[in-house]
Amino acid sequence: MTFEPFRKLLLERQALLERIDAESLTPQQDVSAEQTPVVFSTARRRHEIRAIRAALVRIDNRRYGCCEDCGCTIPETRLSRYPTVTVCADCAESRESSKG
């Protein structure tokens, strides 16, 4: 599986979030209908930027798409929907059920 499309998506998303942060734009000024939903809370934006940077490091280290809990390959469909995800659906479900 090639991760270049994910790298491109992540870099575009990161640039958008950083621009919103830098310019303090409001949703009405910068969001088009085809863009993914943009989180406008500063803390949430910055959290997402950190997650994007971590995902880019995983791509560089050839660990992107590997579940950090079980080591299995995360399906491309899951990565497409949640490009910063670090665990497979089964492990995510296990984490949720253990929270209780």
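Trainee: Which residues have the most contacts inside the largest nonpolar core?

Mentor: A nonpolar core is a set of buried Ala, Val, Leu, Ile, Met, Phe, Trp, Tyr and Cys residues joined through side-chain atoms within 4.5 Å, where buried means under 20% relative accessible area, exposed over 50% and partly exposed in between (1.4 Å probe, protein chains only). Keep in mind that this is a predicted model, in which local features need pLDDT of at least 70, side-chain atom pairs count only at pLDDT 80 or more, and totals for chains, interfaces and linings use all residues. Residues are numbered from 1 along each chain as its sequence is written, and side-chain values use heavy atoms, with hydrogens and water left out. The largest core has 17 residues, and those with the most contacts (heavy atoms within 4.5 Å) inside it are Leu 10, Ile 59, Tyr 64 and Leu 79.

Trainee: Which element gives the largest share of this core?

Mentor: Helices are DSSP runs of H or I with at least four residues, strands are runs of E with at least two, and both are numbered from the N terminus. Two or more residues of the core come from each of H1 and helix H3 (42-60). The largest share, five residues, belongs to H3.

Trainee: And what does the secondary structure of the protein come to?

Mentor: From the N terminus on, the elements run α-α-α-α-α. In total that makes five helices and zero strands.

Trainee: Within what arc do the buried residues of H1 fall?

Mentor: The buried residues of H1 are Phe 6, Leu 10, Arg 13, Gln 14, Leu 16, Leu 17, Ile 20 and Asp 21, while the face turned away from them carries exposed Pro 5, Lys 8 and Ala 22. An α-helix has 3.6 residues a turn, so residues three or four places apart point the same way. The arc is taken from the directions from the helix axis to the C-beta atoms. Down the axis of H1, the buried residues line one face of the helix, because they fall within an arc of 160°.

Trainee: Which helix do the buried residues of H3 pack against?

Mentor: Among the buried residues of H3 are Ile 52, Ala 55, Leu 56 and Ile 59. Leu 10, leaving aside neighbours within four places in sequence, is in contact with Ile 52, Ala 55, Leu 56 and Ile 59, among others. The buried residues of H3 pack against H1.

Trainee: How far apart are the end C-alpha atoms of H3?

Mentor: The expected span of a helix is 1.5 Å times one less than its number of residues. For the 19 residues of H3 this gives 27 Å. The model agrees, with the end C-alpha atoms apart by 27 Å.

Trainee: What is the relative accessible area of Ile 74?

Mentor: Ile 74 lies in the loop between H3 and helix H4 (76-81). Not counting residues up to four places away in sequence, Ile 74 touches Met 1, Leu 79 and Val 85, among others. Ile 74 is buried, and its relative accessible area is 0%.

Trainee: How many disulfides does a search of the whole structure find?

Mentor: A disulfide is a pair of cysteine sulfur atoms within 2.5 Å. The sulfur of Cys 66 is 8.6 Å from the closest cysteine sulfur, in Cys 67, too far for a bond. Cys 70 is in no disulfide either, as the nearest cysteine sulfur, that of Cys 72, is 3.5 Å away. Across the whole structure, the number of disulfides found is zero.
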